[in-house]
Amino acid sequence: MNPLAVQFAGLALESPLVLASGVLGTTVASLRRVAQAGAGAVTTKSCSLAARPGHPAPCVLPWPGGLINAVGLSNPGVEAELEELAEYRRTCATPLFVSIFAGSADEFGRLARCVAAAQPDLIEVNVSCPNVESEFGAPFAADPEACGRVTHAVKENAGAVPVSIKLSAQCASLARMAVVCRQNGADALTAINTVGPGMWIDVGMGRPALSNRVGGVSGPAILPIAVRAVYEIRKAVDLPIIGTGGVSCAEDALQLIMAGADAVGVGSGVYAGGVELFGEINRGLAAFLKERGFESLAQAKGLAHREGGPDSPLAQGQGGLKPKREAP
């Protein structure tokens, strides 16, 4: 029995780790490399109906708390994406999630219909990108009615393919957004996207470092926000959740799982840790389960919502994993 295996939206994953949508999801070769490194599923970079050039360089900036990016949702368009999806299907068995974005509910529906024809294992709906607001307006994830329309449109066109809505922490009520998504047919939720937008100024030049001036903030700095988001969503709905944001070690992943996540997205952590990070986190999760005498991750899921005390599962152990980072 594989103690790291999880069930997610009807899918059997060999690991709870999912490659989050981003630059590693642009080619079959990179997706396959991540799958071979230990990911339970891989997510493509977000695609649209038509090709987009995105924002000019510099568009990704490392900073002490993680990354700021304003790639601008660059992609070759859905027709080219379908060719990549077909090639991945021919060469790799690890479940494939496809991220999509559009400018209206109608466009989301048409795009979902195109993508569903390629039979991915899940469609992830990006309604929460923070660095293209000047082009698309406020993200759909900030408006319950708009998010509901998008969810409904995608579900109507996705056929039998499960749908996960990628939510933003920057909304009036994550619980309300989660309920709206469930009411409109969502099969799962992803939380969260990058936060912001944020800005980094090059003090030598005296101007913003990114060509777009602002970008989405990711990395270790947003982990507490992601944990809180997953915790609130789990209290509101019983949908499967991919907890995403700031994961760079097994303890980070465990925080999201204990907050209620069924799977854990890993994105910008690969910038520093390489694709080998997936194997490292898997080994850390396995060590935690062995130390606690747990047979599966299901026993750790949602622990933060349960009553504590001397008889709680964690109280029987000898402390948590050694933190990768020292507390400030």
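Modeller: Helices (H or I, at least four residues) and strands (E, at least two) are DSSP runs, numbered from the N terminus. This is a predicted model, in which local features need pLDDT of at least 70 and side-chain atom pairs count only at pLDDT 80 or more, while totals for chains, interfaces and linings use all residues. Residues are numbered from 1 along each chain as its sequence is written, and side-chain values use heavy atoms, with hydrogens and water left out.

Biologist: Which residues that line the largest pocket are the closest to its centre?

Modeller: A pocket, on a 1 Å grid over the protein atoms alone, is an open set of points where a 1.4 Å probe fits, with protein on both sides within 12 Å along at least five of seven lines; lining residues have an atom within 4 Å of a point. Grid points are joined across faces, edges and corners, and a volume is the space filled by probe spheres set on the points. The largest pocket comes to about 700 Å³. Its lining counts 36 residues, and the closest to the centre are Ser 21, Gly 22, Val 23, Asn 69 and Thr 194.

Biologist: Which element supplies the largest share of the lining of the largest pocket?

Modeller: At least two lining residues each come from β6 (66–69), β16 (263–266) and α9 (269–273). With three residues, the largest share belongs to α9.

Biologist: How many residues of the lining of the largest pocket are charged?

Modeller: Ala, Val, Leu, Ile, Met, Phe, Trp, Tyr, Cys and Pro count as nonpolar, Asp, Glu, Lys and Arg as charged, and the others, Gly among them, as polar. On that basis the lining of the largest pocket has 16 nonpolar and 18 polar residues, and the number of charged ones is two.

Biologist: Which element gives the most to the lining of the second largest pocket?

Modeller: The second largest pocket has a volume of about 210 Å³. Its lining has 16 residues, with Gly 66, Pro 220, Ser 268, Gly 269 and Ala 272 nearest the centre. Two or more lining residues come from each of β6 and α9. The element that gives the most, with four residues, is α9.

Biologist: How far apart in sequence are the parts that Lys 155 and Asp 187 tie together?

Modeller: The structure holds eight salt bridges, each a side-chain nitrogen of Lys or Arg within 4 Å of a carboxyl oxygen of Asp or Glu. One of them pairs Lys 155 with Asp 187, with 2.8 Å between the closest N and O atoms. Lys 155 belongs to helix α5 (residues 144–157) and Asp 187 to the loop between α6 (174–183) and β10 (188–191), so the separation of the joined parts in sequence is 32 residues.

Biologist: Is Lys 155 buried, partly exposed or exposed?

Modeller: Buried means under 20% relative accessible area, exposed over 50%, and partly exposed in between (1.4 Å probe, protein chains only). Asp 187, at 25%, is partly exposed. Lys 155 has a relative accessibility of 23%, so Lys 155 counts as partly exposed.

Biologist: Which residues do salt bridges that share partners join into one network with Arg 234?

Modeller: Arg 234 bridges to Asp 238 at 3.9 Å between the closest N and O atoms. Arg 234 also meets Asp 262 in a salt bridge of 2.9 Å, N to O. Arg 234 lies in helix α7 (residues 223–236) and Asp 262 in the loop between α8 (250–259) and β16, so this pair ties together parts 28 residues apart in sequence. Through shared partners, the network joins Arg 234 with Asp 238, Asp 262 and Lys 301.

Biologist: What is the distance in space, C-alpha to C-alpha, between Cys 59 and Asn 69?

Modeller: Cys 59 sits in the loop between β4 (41–43) and β5 (60–63). Cys 59 is buried at 18% relative accessibility. Cys 59 and Asn 69 are ten residues apart in sequence, and their C-alpha distance is 5.5 Å.
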